[in-house]
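Dear colleague,

Please find the structure below, together with its sequence.

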Amino acid sequence: MEKIQHNHVQAKGLKLHVAQIGTGPKVVVFLHGFPEIWYSWRHQMVAVANAGYRAISIDFRGYGLSEHPSEPEKATFNDFVDDVVAVLDSLGITKAHLVAKDFGAFVAAMVGILHPDRVSTIILLGVPFLLPGLSPLQSQLHLIPPGFYMLRWMVPGGAEADFGRFDTKTVIRKVYIMFSGSLPPVAADNQEIMDLVDSSAPFPPWLSEEDLAEYGSLYEKSGFRTALQVPYR
């Protein structure tokens, strides 16, 4: 991991953090989800670089080591698309393979639709091809329990109050433990999402204390203002 290089590029007046390793004309750009950062792709970046590609992972605006927009509550998926294109432009990259998971899949799909000339291939993990918005899901919303985490986090102020009772590292620990189950738990009317998870529960095998410290320190810096706006609101 020590060979991964870090720098910042400009995107519409914001400094975006970029991690990269490898050289050459073949480029793979990794796009994270929530509660993730560039670090989530560190192993894949090294593997891709060893296979002869230039591997890049970014922190979207308001995440990790990237700057917040001036009004995080107005951030949209379109801004995140602009982030990807700005990174390509700043680094002199004409086209790239996009690899994305979670809400990053929405961003990758939008880049492919809006800027097809900048994309070689798109690989989506965990989320099928779907553009942002609830319209494709409207007919299914009545099937989702009101205590489901995604619906709770859509409400402005709700997650902020829930998360605010704990330090950032504990919030990240709880979220990762919750997401590592077969199905995320559903809160009752008198419960908060964070109360559903015992923070002393064992980690999933793919997460270490070192990883938690990295995520915790970077979310301590960035907070959750932009992260709750995009993707949830």
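A pocket here is an open set of points, on a 1 Å grid over the protein atoms alone, with protein on both sides within 12 Å along at least five of seven lines, and its lining residues have an atom within 4 Å of a point. The model is predicted, so local features need pLDDT of at least 70 and side-chain atom pairs count only at pLDDT 80 or more, while totals for chains, interfaces and linings use all residues. Residues are numbered from 1 along each chain as its sequence is written, and side-chain values use heavy atoms, with hydrogens and water left out.

The largest pocket is lined by 43 residues, and Asp102, Phe103, Val127, Tyr149 and Met150 are those nearest its centre. Its volume is about 1,100 Å³, taken as the space filled by probe spheres set on the points, which are joined across faces, edges and corners. The lining comprises 29 nonpolar, 8 polar and 6 charged residues; Ala, Val, Leu, Ile, Met, Phe, Trp, Tyr, Cys and Pro count as nonpolar, Asp, Glu, Lys and Arg as charged, and the others, Gly among them, as polar. At least two lining residues come from each of helix 1 (42-50), helix 4 (149-154), helix 6 (168-179), helix 7 (209-222) and helix 8 (225-232). Helices (H or I, at least four residues) and strands (E, at least two) are DSSP runs, numbered from the N terminus.

Turning to the sheet, 6 strands form an open arrangement in the order 1-2-4-3-5-6, with mixed pairing; two strands pair if DSSP finds at least two bridges between them. Strand 1 (5-11) and strand 6 (119-125) each have a single partner strand, so one side of each is left without a neighbour in the sheet. Strand 1 runs antiparallel to strand 2 (residues 14-21), and 7 bridges join them. Within this pair, His8 stands opposite His17 in strand 2.

Two backbone details lie in loops. Lys12, in the loop between strand 1 and strand 2, has a positive phi of about 50° although it is not a glycine. Pro35, in the loop between strand 3 and helix 1, is joined to Phe34 by a cis peptide bond with omega of about 5°.

Finally, UniProt places the feature "domain: AB hydrolase-1" at residues 27-131, in an unreviewed entry; its positions are given in the numbering used here, feature names are shortened, and annotations may be inferred rather than shown by experiment. Over residues 27-131 the chain is 32% helix and 22% strand, and the end C-alpha atoms are 24 Å apart.

Yours sincerely

Terms used:
1 Å grid on protein atoms, 1.4 Å probe; cavity = no way out; pocket = protein on both sides within 12 Å on 5 of 7 lines; lining within 4 Å.
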